[in-house]
Amino acid sequence: MTEGLLPKTELRIGVLQFDVQWGKVQENMAKASSLIFNRVKKGDIDLLLLPEMAFSGYVFKSREEISPFLENIDHLLPGTSQTSCPPTSASPPSQSNKFFTTFEWCQHHAKTLECYIAAGYPQIHEETEEETEKRIQNRPKNYVVSTQNQESKTKYLNSLMLVSPQGELVVNYSKHFLYETDKTWADEGCSFVSVELPEWQKKIGFGVCMDINPYEYLNSSLKEFANFHKKAKTDIILFAANWIDSDPEEEGKSLETASYWVQRLSPLIGSGCVFVAANRVGKERGTLFCGSSTIIHLGKKPAALVLLGKREENCVITTTPSQKN
């Protein structure tokens with residue numbers, strides 16, 4: 001715990017669910033902004049979560065195909081001197097309404113709304129020796145070689161960034177367990193992550209879609225993601241997804257996906273952890289996504305505080321319970 005600060009007991013948390021158009025970054029950014037500002041104004045919210053790869057789209061066939069959409073934020077990571085975008089991205093977003101990177105979009109909206117914003121994006125990153133060692137150490141015991149770029153230090157990652165109300169990068173997390181669609185281009189992230197946010201005196205965990213599933217679907221009894229966050233005593237999990245619709249005939253709101261997520265999070269039931277999931281809707285290159293974004297309080301009896309429909313585009317906010325259980 002951090003001295004001099006009182007824990008923030010109630011939080012206003014929002015999720016954005018929308019139909020991301022493949023490769024249309026600027027259009028997706030504009031649409032996301034419109035949906036948000038139709039619902040949210042400055043001071044209304046503490047944290048907003050967007051889906052996995054929120055502006056680029058998700059289904060890429062190769063490293064070459066995704067290459068134009070990769071974003072490099074190495075200059076913003078811990079241990080570097082820069083704390084803002086490089087000069088090549090100097091056009092003021094507030095004046096031009098055009099954003100060159102996911103970080104610029106998040107930075108602008110976080111400052112405008114005075115809240116934390118998390119969004120998924122495709123990242124290019126030069127891996128350090130320490131990161132390489134950590135990635136190898138954290139591989140599951142039943143590890144399967146699932147990436148195409150084992151030797152190179154240049155990594156393509158399916159990542160999730162968290163930006164502060166002051167417009168600073170707080171956390172950058174990369175998907176640890178890869179789904180089949182990721183394997184055409186992405187490298188595995190180093191490990192699951194949970195970090196303390198001193199301002200709130202809460203631990204924030206991160207996950208991207210496949211992370212919640214058993215590694216490579218090899219053993220469904222294993223709940224690696226949930227057990228990690230139980231051990232870490234995570235208070236809030238931010239989960240960005242491009243979750244596929246397994247029952248496209250069913251419309252409206254569905255508990256099927258949320259119920260599955262709760263089942264995968266069963267070690268956390270009773271902990272009071274809040275699970276925040278932002279999924280997308282729509283169809284991309286033949287793949288249909290199921291929406292069902294949700295915010296679930298994992299008390300003794302899990303409760304969905306928010307549940308969006310399978311085809312719904314919306315930005316919704318709820319207040320988390322003041323009591324953990």
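Residues are numbered from 1 along each chain as its sequence is written. Because the model is predicted, local features need pLDDT of at least 70, side-chain atom pairs count only at pLDDT 80 or more, totals for chains, interfaces and linings use all residues, and side-chain values use heavy atoms, with hydrogens and water left out.

The pLDDT, the predictor's confidence in each residue on a scale from 0 to 100, has a mean of 89 over the chain, and 88% of the residues reach 70 or more. Over residues 1-6 the pLDDT is below 50, and this stretch has 10 contacts (heavy atoms within 4.5 Å) beyond near neighbours in sequence. Residues 80-96 also have a pLDDT below 50, with 20 such contacts in the model. Where pLDDT is low, the predicted coordinates should not be read in detail.

Helices (H or I, at least four residues) and strands (E, at least two) are DSSP runs, numbered from the N terminus, and two strands pair if DSSP finds at least two bridges between them.

Strand β7 (residues 202-208) runs antiparallel to β6, joined by 5 bridges, and Lys203 of β7 stands opposite Glu196. With β8, in contrast, β7 pairs in the parallel sense over 5 bridges; Ala240 in β8 is the bridge partner of Val208.

Strand β8 is largely enclosed by the rest of the structure, because 5 of its 5 residues are buried (under 20% relative accessible area; exposed is over 50% and partly exposed in between, with a 1.4 Å probe and protein chains only). Ile236, Leu238 and Ala240 lie on one side of β8, and Ile237 and Phe239 on the other.

Thr318 belongs to strand β14 (residues 314-319) and counts as buried, at 14% relative accessibility. Leaving aside neighbours within four places in sequence, Thr318 is in contact with Leu11, Arg12, Ile13, Ile295, Leu305 and Val306.
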